[in-house]
Amino acid sequence: MKTSRLSGFYKLAMEERRQLAAQSAGVMPEETAPFLPANGLSAVEADHMIENAVGIYSLPLGIALNFLINDREVLVPMAIEEPSVVAGASFMAKLARAGGGFKAKVSEPHMIGQIQVLDLTDLRRAKEILIEHKQEILSIADQADPVLKKLGGGSRDLEINIIEESKIGAFLVVHLIYDVRDAMGANAVNTACEKLAPQIESLTGGRVHLRILSNLADRRIASVSTRIPVGTLAFGDYPGEKVRDGIIEAYAFAEIDPYRAATHNKGIMNGVDAVVIATGNDWRAIEAGAHAYAVRSGRYTSLSTWTANSDGDLVGALEIPMAVGIIGGATKVHPTARAALHLMGVTSASQLAEIIVSVGLAQNLAALRALATEGIQRGHMSLHARQVAVAAGASGDMIGKLATQLVIDKVIRVDHAVEILKSWQQKK
Ligand code: MEV
């Protein structure tokens, strides 16, 4: 990768953008061909992926620019239907570069599998027995995926929780901690949990009920921080200090109020999900994990933090469970996902997690900066107006013309767009 700073990228035609992105990432131009639907997922592949397949659903795929993550230049593919997200991430990544970019890291790729054990008469004794047989249980779990074991993954630990009270009385929950290396891990963990069930039943005399991965992947955390020099935050009539303080005030709102925190975190997930989807990963798993993690203290709160450092610069940080993989599932089968990973030069799931969490933080900053200053609608308007124009039936050159008129009128609604179109047609 030479650089992720590609000025004037947005002015190019789509084909030229793909060429330039490939060139800047050091991949062959044809390796970005799967970014077009004709070379993406085929109907045959789709038919093998889910049941009752009838077609393929498409989303726009954009590239976020300017990302410098752990001193590495990255062009980030994002699949998303919402305007302003790709531009917002790119712009904030540009500001972050001035402070050294994003510093991201991940914990070990440890996932949790849960095994529910019912019908026990002595829960404490059952727990003791399982702890006594821990090594034996872990080695059975290891046999579930010999390939993963060979690659350095496999079972790591066993934790036993007693649920004292529930709708069905007391029961035991076994947590299998499993290192899934470069996989998302659901298959490996679910297989291991199912394999353990008979052994756990015979050791405890209980009845194993559920055996499934937990999406609260709080042993697999991706974290990132960034410093935005205060001067770079200035724009128009807004001095940098005012923008910085406005962002910190906005964060304080999300930190204390769950209604705001949900929206604040949604903004983070705009960035996170777009990369998760572009790389063929399970965005429902990431969403579930993120929001469960946001309420870990008992009160739903912001996933990110924003403060000022002693130099007056803005410092942001984000921490989020990140169960993503680069092998198996759609990441392996989907040609567009493979091309996206290739363009980013991603060679491990950890590296992908570091990119995703960085984009999440950039996206959060884009939203807070806009909200704390001129509001979100101004930046949103022109692209949103184009979507409204298309929805109203405009095509070709008419889309841009109608979108401009909607922005001038400050009424960006389909009914208004239809009215304008009608009046133009009558004038013809
Ligand atoms: C819109 O998709 C996301 C925002 O609402 C996020 C936020 O409010 O922080 C703009």
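Predicted model: local features only at pLDDT ≥ 70, side-chain atom pairs only at ≥ 80, totals over all residues.

Trainee: Okay, which residues surround the ligand?

Mentor: You'll find Glu82, Arg260, Thr263, His264, Lys266, Gly267, Asn270, Ala367, Leu371 and Ile376 around the ligand.

Trainee: And which element gives the most to that shell?

Mentor: That's H9, with six residues.

Trainee: Let's get to the polar side chains. How far is the side chain of Glu82 from an oxygen atom of the ligand?

Mentor: An N or O atom in the Glu82 side chain sits 2.6 Å from a ligand oxygen. Lys266 has a polar side-chain atom 2.7 Å from an oxygen atom of the ligand. For Asn270, a polar side-chain atom is 2.9 Å from a ligand oxygen.

Trainee: How much of the ligand does the protein bury?

Mentor: On its own, the ligand exposes 300 Å², and the protein buries 83% of that.

Trainee: What kind of space does the ligand take?

Mentor: The ligand takes up the second largest pocket. Two elements give two or more residues each to the shell around the ligand: helix H9, spanning 258–278, and helix H13, spanning 349–371.

Trainee: Switching topics, how many helices and strands does the protein have?

Mentor: The count is 16 helices and ten strands.

Trainee: Why call the protein as compact as a globular protein of that length?

Mentor: The globule rule gives 22 Å for 428 residues, and the protein's radius of gyration is 25 Å, which is close to that, so the protein counts as that compact.

Trainee: What about the box its C-alpha atoms fill?

Mentor: Taken along the principal axes, the box is roughly 80 × 55 × 45 Å.

Technical notes
Residues numbered from 1 in each chain as written. Heavy atoms only, no water. Near = heavy atom within 4 Å. Polar contact = N/O pair within 3.5 Å; in protein donor to acceptor, adjacent residues only side chain to side chain. Areas by Shrake-Rupley, 256 points an atom, 1.4 Å probe, with all protein chains shown as cover. 1 Å grid on protein atoms, 1.4 Å probe; cavity = no way out; pocket = protein on both sides within 12 Å on 5 of 7 lines; lining within 4 Å. Sits in = over half its atoms within 2 Å of the grid points. Helix = DSSP H or I, 4+ residues; strand = E, 2+ residues; numbered from the N terminus. Rg over C-alpha atoms; globule rule 2.2 N^0.38 Å.
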